[in-house]
Amino acid sequence: MKGKKRVGTILLFAALAVVAMVYVIPFLMMVLGSLKTQAEASMFDLALPTKWEFSNYTHVVETGKILRGYVNSAVITIPVTFFSVLLGAVAGIVISRRDDRLTRGIYYYFIFGLTLTLQIASIFFLLKALHIYGTFFSVICIFISLRIPFTVMTFCSFVKGVPREIDEAAVIDGCSFWQMTARVLLPILKPIMVTNIVITSIDVWNNFMIPLFYLGSAKKATVSMAIYSFFGRYNRDWQYVFAALMLAVLPMLVLFVILQKHIIAGMTSGAVKG
């Protein structure tokens, strides 16, 4: 019995290792390719560079408008992440703590939002009618509306594992709803908050289609749009393309590495211990 269990564990580990390689190998290829010469980068292999060309990154920064893309992406990503997580947390707390027909209907309304696709033409005419087409504000509103259903769903699921006695104790101590939310519940909800922060940040930072359709200005191009235009100019200089891609994913990679412990806790926790 133990032998079969050990074989099963080995097979599972091998399968997971293969799946991990599917993600790791392209990333390593990109890292190494960003430091190679043009001829070596075009080989698309995992060989080490004969000469480490760190100047590739300097060239990309100077010619690719990556820094402007960083700023524009941050202008969109930061408020979208803040408001979607904040609103999702408050809505999730209220919905999970009430059990009536109205709140159940609101919950399913948010869940239904997960199934909807982006209506490009109708949103375009709506933004035109509101005279906000081509602004960062319009893109921020679109992203928030797309992220809210997921954040509400995850917060509802997590809050249901938090004992109601915690709420009752806070109310007895004289806390209002907002005081209870800010001082009691949000610290408990830290794992799921961090999880949503990372997922939302990565989704918005890497999104290409929405800024392309609704910003309508090269000066407001996000980092993903800057990478696309850069690729068009250097479609044969893969060392520059790899360097540009590395600069694009670096902020989100750092964010993920720093917060990965909380992400795992947020994705696996179904109850609060102690």
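Ser-73 is buried, with a relative accessible area of 2%, where buried means under 20% relative accessible area, exposed means over 50% and partly exposed lies in between, computed with a 1.4 Å probe on protein chains only. The model is predicted, so that local features need pLDDT of at least 70 and side-chain atom pairs count only at pLDDT 80 or more, while totals for chains, interfaces and linings use all residues. Residues are numbered from 1 along each chain as its sequence is written, and side-chain values use heavy atoms, with hydrogens and water left out.

- Ser-73 is found in helix H4, and helices here are DSSP runs (H or I, at least four residues), numbered from the N terminus.
- Leaving aside neighbours within four places in sequence, Ser-73 is in contact with Trp-205, Thr-222 and Val-223, contact meaning heavy atoms within 4.5 Å.
- Thr-81 is also found in helix H4, which covers residues 66-97, and this threonine is buried, with a relative accessible area of 8%.
- When neighbours within four places in sequence are set aside, Thr-81 is in contact with Ile-197, Thr-200 and Ser-201.

**Helix H7 against helix H10**

- Helix H7 (136-159) and helix H10 (residues 190-206) pack at an angle of about 155 degrees, with their axes 11 Å apart; the axes are lines fitted to C-alpha atoms, for helices over the stretch in contact, and angles run from 0 to 180 degrees between N-to-C directions.
- That angle makes H7 roughly antiparallel to H10, because angles over 145 degrees count as roughly antiparallel, those under 35 as roughly parallel, those from 65 to 115 as roughly perpendicular and the rest as oblique.
- On the H7 side the contact is made by Phe-143, Arg-147, Phe-150, Thr-151, Thr-154, Phe-155 and Phe-158, and on the H10 side by Pro-191, Ile-192, Met-193, Asn-196, Ile-199, Thr-200, Asp-203 and Val-204.
- The residues of this contact divide into 9 nonpolar, 4 polar and 2 charged, where Ala, Val, Leu, Ile, Met, Phe, Trp, Tyr, Cys and Pro count as nonpolar, Asp, Glu, Lys and Arg as charged, and the others, Gly among them, as polar.

**Helix H8 against helix H9**

- Helix H8 (residues 164-172) and helix H9 (residues 177-188) pack at an angle of about 155 degrees, with their axes 10 Å apart, which makes H8 roughly antiparallel to H9.
- H8 passes H9 in a right-handed crossing, and Ile-166, Asp-167, Ala-170 and Val-171 in H8 meet Met-180, Val-184, Leu-185 and Ile-188 in H9.
- By class, the contact of H8 with H9 has 7 nonpolar, no polar and 1 charged residues.

**Positive phi in two loops**

- Phe-44, in the loop between helix H2 (38-41) and helix H3 (55-63), has a phi near 55 degrees, a positive value in a residue other than glycine, and at 36% relative accessibility it counts as partly exposed.
- His-131, in the loop between helix H6 (120-130) and helix H7, has a positive phi of about 60 degrees although it is not a glycine, and at 72% relative accessibility it counts as exposed.

**Cysteines**

- The structure holds 0 disulfides, a disulfide being a pair of cysteine sulfur atoms within 2.5 Å.
- Cys-156 is buried, with a relative accessible area of 1%, whereas Cys-175 is partly exposed, with a relative accessible area of 21%.

Conventions:
Left-handed = near helix turned anticlockwise from the far one by under 90°.
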